[in-house]
Amino acid sequence: MVFAVLMIVGGLLGGLVAGNKGRHVLGWTLACGVMPLFVLVLFALPTLPRPGISRVCPHCLRIIPWQASICAYCRQPVGEPVGAPCVYCGSTVWDHEQFCPKCGKPKA
Ligand SMILES: [Zn+2]
Ligand SMILES: [Zn+2]
């Protein structure tokens, strides 16, 4: 019984942390439910940038808010997020991405 509670708590915690870090929520919920120790692995992983919410500072490579004009860590100007429509499917491909996030084709 204690183990079942641990699995549920581990799964929920894993899903929550995964969501905050921009990682696969369902995958981590299942992984942490089966093996609650995965939560510790998840905490150690870096946050992934999410287009529209967060991006990587080109100077210090840390995660900053999408709309930021100056990096909160290194105080360097980071400019506007630059994106161009994918020539294959029309979805936005951001400057830091080498491949279209929707169709996976390389940026033209
Ligand atoms: Zn920076
Ligand atoms: Zn595309």
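A residue counts as buried here if 20 or more other C-beta atoms lie within 10 Å of its own, and as exposed if 12 or fewer do. Keep that cut-off at hand for this tour of a predicted model.

**Stop 1: the whole chain**

Show the C-alpha trace. Its principal axes span about 55 × 35 × 15 Å. The radius of gyration is 18 Å, whereas a compact globule of 108 residues would have one near 13 Å. Colour by burial next: 16% of the 108 residues count as buried. Now colour by secondary structure. There are three helices and four strands, in the order α-α-α-β-β-β-β along the sequence. Among contacts with a separation of 6 or more, 22% join residues 24 or more positions apart.

**Stop 2: helix α1**

Select residues 2-20. This is α1, with 19 residues. From first C-alpha to last, α1 reaches 27 Å, close to the 27 Å expected at 1.5 Å a residue.

Which residues of α1 are buried? Pick Gly10, Gly11, Gly14, Gly15 and Ala18. They sit on the same side of α1, because they cover an arc of only 130 degrees around the axis. Their packing partners are α2 and α3.

Step past the end of the helix. Gly22 follows α1 and has a positive phi, near 75 degrees.

**Stop 3: the largest nonpolar core**

Select Ala18, Trp28, Ala31, Cys32, Phe38, Val39 and Leu42. These seven residues form the largest nonpolar core. Helices α2 (25-34) and α3 (38-44) each supply at least two of its residues. Ala18 brings you back to α1, where it is one of the buried residues.

Centre on Trp28. What does Trp28 touch beyond residues up to four places away in sequence? Its contacts are Gly14, Gly15, Ala18, Arg23 and Leu42. Gly14, Gly15 and Ala18 are names from the buried list of α1. Ala18 and Leu42 are also members of the core.

**Stop 4**

Some background before the next selections. Most residues other than glycine have a negative phi.

Select Leu61. Its phi is positive, near 65 degrees, and it is not a glycine. Leu61 lies in the loop between β1 (54-56) and β2 (63-65). Is Leu61 buried or exposed? It counts as exposed, because 11 C-beta neighbours inside 10 Å fall within the limit of 12 or fewer.

Move on to Arg75. This residue is not a glycine either, and its positive phi is about 65 degrees. Look for Arg75 in the loop between β2 and β3 (83-85). Arg75 is exposed, since it has 9 other C-beta atoms within 10 Å.

**Stop 5: Trp94 in strand β4**

Select residues 92-94. This is strand β4, and Trp94 is in it. Trp94 has 16 C-beta neighbours inside 10 Å, so it counts as partly exposed.

Show what surrounds Trp94. Leaving aside neighbours within four places in sequence, Trp94 is in contact with Pro51, Pro81 and Gly83. Gly83 falls in β3 (83-85).

One distance to finish. Draw a line from the C-alpha of Trp94 to that of Ile70: the two are 18 Å apart in space and 24 residues apart in sequence.

Key
Residues numbered from 1 in each chain as written. Chains lettered and ligands numbered in written order. Predicted model: local features only at pLDDT ≥ 70, side-chain atom pairs only at ≥ 80, totals over all residues. Core = buried A, V, L, I, M, F, W, Y, C linked by C-beta atoms within 7 Å. Contact = placed C-beta atoms within 7 Å. Expected span 1.5 Å × (residues − 1). Arc of directions from axis to C-beta. Rg over C-alpha atoms; globule rule 2.2 N^0.38 Å.
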